[in-house]
Amino acid sequence: MKQHLQHKPFVSAVGGLIAGFLNGLFGSGGGTVIVVFLEEFLGFKPQHAHATAILIISCFTIVSLFFYGSRSQLNYSLALLVSAGGVIGGWVGAKWLKKLSGNTLHKIFGGFMIVAAIRMVAV
């Protein structure tokens, strides 16, 4: 995977800028963009793109946490409760990730994106 970044540093930085902007603007969404970006522009396999996106999203999350936390816009008790379930769900999802084919992963990911898009437009 390192060969991709060495050959496309500008493309990588622009993709990160766009995903980070969307993440900051919407509070999420950067992960969706970054997965597609890693696959389409940097040639990552689906499983590697999803796994790498987790690390990238973690960086986005830390920046957003400081920004929103400094403005007292966080509900810490709710965040801790949801995070507890998220840790378990993340572990299970990571186990499943390596068992799914790239095609199946695309279909599941695409399905979630379609449902999210419909919900956003229907509001």
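Mentor: A crossing is left-handed if the near helix is turned anticlockwise from the far one by less than a right angle, and right-handed if clockwise. Helices here are DSSP runs (H or I, at least four residues), numbered from the N terminus. This is a predicted model, where local features need pLDDT of at least 70, side-chain atom pairs count only at pLDDT 80 or more, and totals for chains, interfaces and linings use all residues. Residues are numbered from 1 along each chain as its sequence is written, and side-chain values use heavy atoms, with hydrogens and water left out.

Trainee: Which hand does the crossing of α3 and α6 have?

Mentor: That crossing is left-handed. The residues in contact (heavy atoms within 4.5 Å) are T32, V35, V36 and E39 of α3 with H106, F109 and M113 of α6.

Trainee: And at what angle do α2 and α3 pack?

Mentor: Angles run from 0 to 180 degrees between N-to-C directions, with axes fitted to C-alpha atoms, for helices over the stretch in contact. Here α2 (residues 9-26) and α3 (residues 30-40) pack at about 160 degrees, their axes 8 Å apart. α2 passes α3 in a right-handed crossing.

Trainee: Which residues make up the largest nonpolar core?

Mentor: A nonpolar core joins buried Ala, Val, Leu, Ile, Met, Phe, Trp, Tyr and Cys residues through side-chain atoms within 4.5 Å; buried means under 20% relative accessible area (1.4 Å probe, protein chains only). The largest has 11 residues: A19, I34, V35, F37, L38, L42, F44, A49, A53, F60 and F109. Its largest share, 4 residues, comes from α3.

Key
Helices (H or I, at least four residues) and strands (E, at least two) are DSSP runs, numbered from the N terminus. Buried means under 20% relative accessible area, exposed over 50%, partly exposed in between (1.4 Å probe, protein chains only).
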